[in-house]
Amino acid sequence: MTDTASISLAKRRDDILAELAQAASPPPCLVAVSKTQPDEKIDAMLAAGQRVFGENRVQEAQAHWAERRAEYPDLELRLIGPLQTNKTDDAVALFDVIETLDRDKLARALAKAMTAARRHPSVYIQVNTGEEPQKAGVTPDGLAALLKVAVEECGLDVQGLMCIPPVDEPAGPHFALLAKLARRHGLKGLSMGMSGDYALAARFGATDVRIGTALFGAR
Ligand SMILES: *Cc1c(COP(=O)(O)O)cnc(C)c1O
């Protein structure tokens with residue numbers, strides 16, 4: 001990657017951080033979504049000072065981060081894509097935060113994997129706020145029961161909620177619903193907002209925004 005190209009990635013990051021600081025105080029944590037990005041862009045983002053990254057596939061995340069992890073002890077890796085129960089061991093070994101818990105069976109598999117690995121990543125529950133049949137996430141109505149299983153039965157460290165609003169609807173009402181659900185259950189973390197709507201999400205109280213394209217350029 002040329003110097004000019006990495007300077008422009010660093011500048012994009014600065015601009016987004018400034019925009020987030022304008023939108024909310026304290027601003028949400030910027031989660032840089034590095035899925036499908038080439039090594040040189042990931043290295044440029046690290047050089048710019050970015051330390052929190054999101055990935056949506058376990059295998060790709062291993063390829064991106066298994067070695068870099070040793071070089072950057074202050075790295076924080078988050079899983080933001082759907083997780084299958086047969087990948088929980090790998091996910092628990094690599095990630096610091098798993099944002100996509102959405103069913104009892106996965107809560108139990110995660111608890112088992114964490115006990116075996118003696119590693120306890122924190123967890124967010126993904127809520128399907130638009131109740132879209134093709135989308136992952138527990139329904140708003142199912143959240144209370146899943147939380148109970150995750151916390152009381154499995155002892156998971158549930159820190160917050162995550163959502164991906166339907167693409168064809170205004171995001172505001174979905175962000176408001178997620179914030180309301182989090183308040184109702186006493187959860188602090190709110191992972192919401194992507195490239196197109198992170199400033200809006202910040203105004204609705206997001207604690208974490210997941211940004212790929214606006215930061216790295218098109219995938
Ligand atoms: C890819 C992805 C993002 C980032 O999307 P952009 O529109 O590129 O910012 C955020 N969240 C999840 C769950 C994703 O899969």
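The lining of the largest pocket is made up of 7 nonpolar, 6 polar and 4 charged residues, where Ala, Val, Leu, Ile, Met, Phe, Trp, Tyr, Cys and Pro count as nonpolar, Asp, Glu, Lys and Arg as charged, and the others, Gly among them, as polar. The model is a predicted one, in which local features need pLDDT of at least 70 and side-chain atom pairs count only at pLDDT 80 or more, while totals for chains, interfaces and linings use all residues. Residues are numbered from 1 along each chain as its sequence is written, and side-chain values use heavy atoms, with hydrogens and water left out.

Start by selecting K35, N56, I80, I164 and M194, which are the closest to the centre of the largest pocket among the 17 residues that line it. This pocket has a volume of about 330 Å³. A pocket here is an open set of points on a 1 Å grid over the protein atoms alone, where a 1.4 Å probe fits, with protein on both sides within 12 Å along at least five of seven lines, and lining residues have an atom within 4 Å of a point; the volume is the space filled by probe spheres set on the points, which are joined across faces, edges and corners.

Next, select K35, T36, N56, R57, V58, Q59, E60, P82, L83, Q84 and K87 to show the lining of the second largest pocket, which holds about 220 Å³ of space.

Now move to E99 in strand β4 (residues 97-101), strands being DSSP runs of E with at least two residues and helices runs of H or I with at least four, numbered from the N terminus. E99 counts as buried because its relative accessibility is 0%, the limit for buried being under 20% relative accessible area with a 1.4 Å probe and protein chains only. Its side chain makes a polar contact with the side chain of R78 at 2.8 Å, a polar contact being a pair of N or O atoms within 3.5 Å, of which, within protein, one must be able to donate a hydrogen and the other to accept it, and residues adjacent in sequence count only if both atoms are side-chain atoms.

Finally, select N128, in the loop between β5 (122-126) and α7 (143-153), which counts as buried at 5% relative accessibility. A polar atom of the N128 side chain lies 3.2 Å from the backbone oxygen of K135.

Notes
Buried means under 20% relative accessible area, exposed over 50%, partly exposed in between (1.4 Å probe, protein chains only).
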